Amino acid sequence: MTASAVRPGEYVAPGRPLSRRHALFAGLCLCCLPTLGRAADAFTMDEVGPGIFVRKGLIADATPDNADAIANIGFLIGRTGVLVTESGGSLADGQWLRAEIAKRTTKPITHVVLSHVHPDHVFGAGAFVQDKPVFIGHAKLAEALGARGEFYRKRLVDLLGEDRTGPVVYPTLSVADTAEIDLGDRRLTVTAHGPAHTTCDLSMIESGSGLLFPADLLFVNRIPSLDGSLRGWLKEAERLKAMGATRAVPGHGPVAVDLAPALADLTGYLIALRDGTRAAIAKDVPIEKAVASVAQDQRDKWALFDTYNGRNVTVAYQELEWE
Amino acid sequence: MMTRTDRKAAPTFALALALATAALSGSVAGAARAAGASDSDQERAARWQEIAKSIFGDRRIETTDSLVKIDAPGRALDAALVPITLTMPDDGRIKAVSLIIDDNPAPYAAKFEFGPAADPAELKLRVRVNNYTDMHAVVETQDGKLYEAKQFVKASGGCSAPMGMSDEEAMKGMGDMRMKFADSQPGKPVEATLMIRHPNFSGMQMNQVTRDYTPARYIDKLTVSAGDRTVFTMTGDISIASNPVINFAFKPDGKPIRVSASDNAGGSWQHSFNPPSPTN
């Protein structure tokens with residue numbers, strides 16, 4: 001072998017054998033299944049408020065069969081147009097949502113929210129480009145997408161194939177602090193949060209229903225995944241609490257929940273993660289042991305705990321060891 | 001399997017590879033061929049033969065299960081931060097240890113050369129792993145013989161994984177260091193944890209503003225001394241995780257621990273730490 005065999009692309013997002021198997025499987029399925037695959041057959045839109053529709057995402061990770069339809073996505077219909085609260089986890093997921101919108105209204109899709117950088121929340125946006133909406137994102141979203149967009153896209157292409165993945169869509173309206181979106185008969189207040197779940201989290205409150213859309217600042221049932229700042233997330237959770245909403249549409253979990261108990265569960269986990277990690281650092285418990293011991297008392301409370309807790313500890317440890 | 005549309009990547013990668021191979025001994029071009037998760041044991045063994053030859057030449061390497069042991073998670077939780085423990089219980093016989101991550105773009109991750117103040121019994125570091133790979137630790141004993149141990153690790157994308165912050169933010173406080181000392185007994189080696197603020201850019205991460213690749217910038221030399229006696233000198237590479245953390249043990253003589261680090265871009269930092277007096 002010689003150096004000429006080096007092709008950088010081979011190293012950027014290497015496919016795991018799992019991915020290859022899945023990709024093959026997806027290829028076989030494409031010919032005989034609806035756009036979203038088998039898992040989508042069960043999907044429905046729930047009307048969680050007047051003219052506000054939410055699809056519950058699967059409590060799972062992305063697979064070829066589920067088109068990364070794992071986040072709670074939806075839309076609300078205003079007098080002047082439709083705002084998409086979350087676009088979906090892939091082009092296919094976004095197309096499914098767009099078809100659901102068309103079943104319920106002929107109003108134009110004027111706004112699409114990109115709640116943060118994670119693929120399950122932004123790759124649906126490609127389905128709405130043709131509608132020329134305002135794509136709303138956190139002021140730090142563009143650079144986060146610049147850093148990770150293609151990385152995520154390649155991994156998603158490995159799973160779903162090019163056609164069902166779609167492009168990386170950038171925000172056209174950046175929110176650094178807050179913004180008001182007017183849909184004629186209803187308004188949304190959009191808030192840009194400090195580093196928390198990620199470094200580019202947006203939340204929204206809808207004026208008519210008082211519903212809060214915290215996106216992935218609120219996980220319910222599914223274990224929160226930490227990719228921003230643990231201390232920051234606890235701070236932003238306090239901010240959500242003070243926003244005056246009683247009901248919320250979490251990024252993952254049921255389509256709508258009472259905010260206070262859901263936030264209490266979330267912060268319960270984050271505090272267990274923070275305190276456990278701090279204690280491990282103080283006792284010189286190394287990171288490879290901490291991942292197996294921290295926050296274990298939370299294990300029964302969360303789906304996918306074993307998949308994400310160790311990773312959360314790894315992220316938390318790096319943040320807290322420099323305190 | 002992957003196709004790439006960004007042509008800019010190739011020279012940057014080549015540069016990273018060139019820097020990486022220049023930093024450690026010899027060419028590892030043979031190792032840079034496509035490495036796959038589905039490779040057979042024979043293919044992995046053949047790749048290791050090539051890498052070992054490029055690093056150690058024709059020197060014979062015996063396998064060992066006592067002189068060095070690698071502990072790494074079978075499946076990494078975070079490919080950009082894979083904790084590795086190297087155990088070398090035979091104090092006095094170990095002169096140096098090399099860590100090689102066979103299927104990383106620059107496989108030779110680190111070499112530690114131990115000095116008179118070292119207790120090499122246990123050494124920990126955090127690395128990036130870019131693919132399903134064999135990992136090799138090769139120790140050189142005082143009599144000049146080489147021994148290897150191996151562990152297979154499942155991870156992917158660790159070298160190209162973005163850091164989740166801007167380059168400027170990632171470089172904030174670059175060169176800051178901390179050292180923690182574990183409780184110790186008089187006359188016994190002291191365990192210490194060295195933390196260094198440094199992004200250790202791999203050269204495979206996208207810059208968020210320019211959308212080009214951030215050039216590789218990594219700690220390439222690190223020397224830790226207890227007074228005038230060397231504990232270890234590390235030669236490092238892009239496979240070391242950002243904000244490097246190294247756990248090691250040293251034989252104290254009451255003098256401060258001095259750390260001197262430099263990176264491949266000319267950065268250079270020195271810090272001194274006072275170990276606690278042994279408690280009786």
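This is a predicted model: local features need pLDDT of at least 70, side-chain atom pairs count only at pLDDT 80 or more; totals for chains, interfaces and linings use all residues.
User: What makes B:I94 count as buried?

Analyst: A residue is buried if 20 or more other C-beta atoms lie within 10 Å of its own. B:I94 has 24 C-beta neighbours inside 10 Å, and therefore it counts as buried. Leaving aside residues up to four places away in sequence, B:I94 touches B:M88, B:F114, B:P120, B:V139 and B:T141. As for B:A121, it is 27 residues from B:I94 in sequence, with 9.2 Å between the two C-alpha atoms.

User: What makes A:V190 count as buried?

Analyst: The cut-off is again 20 or more other C-beta atoms within 10 Å. A:V190 has 22 of these neighbours, so this residue counts as buried. A:V190 lies in strand β9 of chain A, residues 187-192, and, not counting residues up to four places away in sequence, A:V190 touches A:I136, A:V175, A:T178, A:A179, A:I181, A:L202 and A:M204. A:K107, 83 residues from A:V190 in sequence, is 22 Å from A:V190 in space, C-alpha to C-alpha.

User: Which strands pair with β9(A), and in what sense?

Analyst: Two strands pair if at least two bridges are found between them. β8(A) and β9(A) have 5 bridges and run antiparallel, and within this pair A:D182 stands opposite A:R187. The hairpin of β8(A) and β9(A) has 4 residues between the strands, and there A:G184 takes a positive phi near 90°. With strand β10 of chain A, residues 202-206, β9(A) also pairs in the antiparallel sense over 5 bridges, and here A:T191 stands opposite A:S203.

User: Why are β8 and β13 of chain A said to stand at the edges?

Analyst: The open sheet holds 6 strands in the order β8-β9-β10-β11-β12-β13 of chain A, with mixed pairing. β8 (178-182) and β13 (257-258) each have a single partner strand, so one side of each is left without a neighbour in the sheet. For β13(A), a pairing is the antiparallel one with strand β12, residues 247-252, in which 2 bridges join the strands.

User: Why are α8(A) and α10(A) called oblique to each other?

Analyst: Two packed helices are described by the angle between their axes and the distance between the axes. For α8(A) and helix α10 of chain A, residues 305-320, the angle is about 60° and the axes are 9 Å apart. Angles under 35 degrees count as roughly parallel, over 145 as roughly antiparallel, and 65 to 115 as roughly perpendicular, with the rest oblique. The two helices are therefore oblique to each other. α8(A) passes α10(A) in a right-handed crossing, where A:L273, A:R274, A:T277, A:R278 and A:I281 of α8(A) meet A:N312, A:V313, A:A316, A:Y317 and A:L320 of α10(A).

User: What makes up the covered face and the uncovered face of β10(B)?

Analyst: In a regular strand the side chains alternate between the two faces of the sheet. In strand β10 of chain B, residues 190-196, the covered face holds B:V190, B:A192, B:L194 and B:I196, while the uncovered face holds B:E191, B:T193 and B:M195. Strand β9 of chain B, residues 177-181, is joined to β10(B) by 5 bridges and runs antiparallel to it, and there B:R178 has B:M195 as its bridge partner. β10(B) also pairs with strand β13 of chain B, residues 245-250, in the antiparallel sense over 6 bridges, where the bridge partner of B:M195 is B:V245.

Terms used. Residues are numbered from 1 along each chain as its sequence is written. Chains are lettered from A and ligands numbered from 1 in the order in which they are written. A residue is buried if 20 or more other C-beta atoms lie within 10 Å of its own, exposed if 12 or fewer, and partly exposed in between; C-beta atoms are placed from the backbone. Two residues are in contact if their C-beta atoms, placed from the backbone, lie within 7 Å. Axes are lines fitted to C-alpha atoms, for helices over the stretch in contact, and angles run from 0 to 180 degrees between N-to-C directions. A crossing is left-handed if the near helix is turned anticlockwise from the far one by less than a right angle, and right-handed if clockwise.
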